[in-house]
Amino acid sequence: MIVLLAGIFLTLHLPYLPRSLEDLDSINFALGVRQFDVAHHQPHPPGYPVYMFIAKAVYTAVPDEARALGLVSVLSGGLGVLAIAATAFAGFLHYIGIGRNTVNDEEEEEAEHEAKKIEEEQRP
Amino acid sequence: MKYAPHPRQIIRYRAPTRINHWIVAICFVLTALSGLALFHPALFPLTQLFGGGPWTRILHPFIGLAMVVGFAFLAFRMWRDNLPTADDRAWMRGMRDVLRNEDEKLPPVGRFNAGQKLLFWAIIGCLSALLLTGFVIWRQYFSHLFPIGLIRFSVLAHALFGWVLVCAIVVHIYAALWIKGSVRAMTQGKVTYGWAYKHHRQWFRDILRGRREEG
């Protein structure tokens, strides 16, 4: 179900990757893909190094700056959908009481028996 | 059969440790939010929480430094209990039982389990790396002391270690919510005998046998 949601997200986004750069920021990012240099605003500070590092790696396989940057954003969005859905699913499981590690009365009783046994051993 | 409605309790964390923990936690949230604002263009609006872009850039390293100092005190209190033991490997091998909440199949755990220890050392590693790389990229005071190549490398390493730390803390929070009673231990300081017996049996036995103090 969660993977399906991510799949739907990717299916709706991948065919519409940008074919061109739209404004100054995206041009700076594209220049940064070619040569990372924050001092020359490629891209502008603080440089978004992880984003650029991944974009450069994708650029080796997809030699089009706009598409490479768009692909990183879409794939990150897909992972985001996975993470959000997984968190919501886990939260739902916890809400209905499945999954959470609780201590029941029998375990409290077992602990009390163990404690009494140790306390008796400790008595002089 | 129902046991007594008020089971006996053990002190898990004393007040100074809890205060120390929450100071570090608050610093982490502030550092993470200001760091994320500088991490990706989509998150830049987070700078509004800190008074805009310049203030975010100014405050981030100072809050980060406070977090490192706070965690150093916490690490000093806890490092002995986080040293690896022979049982930790068996605990890690039993990860399937951990996820199934079948604690009885695991070896008796001391004050911290192998997962907690791993987190402890991962945080120390990440914070050390973030501190070192953070100084290199702290342009106001220190960057002029380093070559541009090292600054560029440090920017990248700082972002990567920050990301690892955020992931580690997400797991930490999730585990705390998952093991019912853990959050209470860090807010009120006490756990029931049953909790200690189930999750940290060796620690429970050591306290009752007088081999170590509570808290």
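Student: In this predicted model, what describes the packing of helix α2 and helix α5 of chain B?

Tutor: An angle and a distance. α2 (residues 53-78) and α5 (residues 114-136) of chain B pack at about 145 degrees, with their axes 11 Å apart. The angle is taken between N-to-C directions, on a scale from 0 to 180 degrees. The crossing of α2(B) and α5(B) is left-handed.

Student: Which residues make the contact?

Tutor: α2(B) brings Pro61(B), Gly64(B), Val68(B), Phe71(B), Ala75(B) and Met78(B). From α5(B) come Phe120(B), Ile123(B), Ile124(B), Leu127(B), Leu130(B), Leu131(B) and Gly134(B). By class, 11 are nonpolar, two are polar and none is charged.

Student: Which residues of helix α9 of chain B are buried?

Tutor: Trp203(B), Phe204(B), Ile207(B) and Leu208(B). To be called buried, a residue needs 20 or more other C-beta atoms within 10 Å of its own.

Student: What puts them on the same side of α9(B)?

Tutor: They cover an arc of only 130 degrees around the axis, so they share a side. They pack against α5 (105-122) of chain A, together with β1 (9-11) and α8 (193-199) of chain B.

Student: How many residues does each chain give to the contact between chains B and A?

Tutor: Chain B gives 27 and chain A gives 23. α6(B) supplies the largest share of chain B's side, six residues. That side has 16 nonpolar, six polar and five charged residues.

How values were computed. Residues are numbered from 1 along each chain as its sequence is written. Chains are lettered from A and ligands numbered from 1 in the order in which they are written. This is a predicted model: local features need pLDDT of at least 70, side-chain atom pairs count only at pLDDT 80 or more; totals for chains, interfaces and linings use all residues. Helices (H or I, at least four residues) and strands (E, at least two) are DSSP runs, numbered from the N terminus. A crossing is left-handed if the near helix is turned anticlockwise from the far one by less than a right angle, and right-handed if clockwise. Two residues are in contact if their C-beta atoms, placed from the backbone, lie within 7 Å. Ala, Val, Leu, Ile, Met, Phe, Trp, Tyr, Cys and Pro count as nonpolar, Asp, Glu, Lys and Arg as charged, and the others, Gly among them, as polar. A residue is buried if 20 or more other C-beta atoms lie within 10 Å of its own, exposed if 12 or fewer, and partly exposed in between; C-beta atoms are placed from the backbone. The arc is that of the directions from the helix axis to the C-beta atoms.
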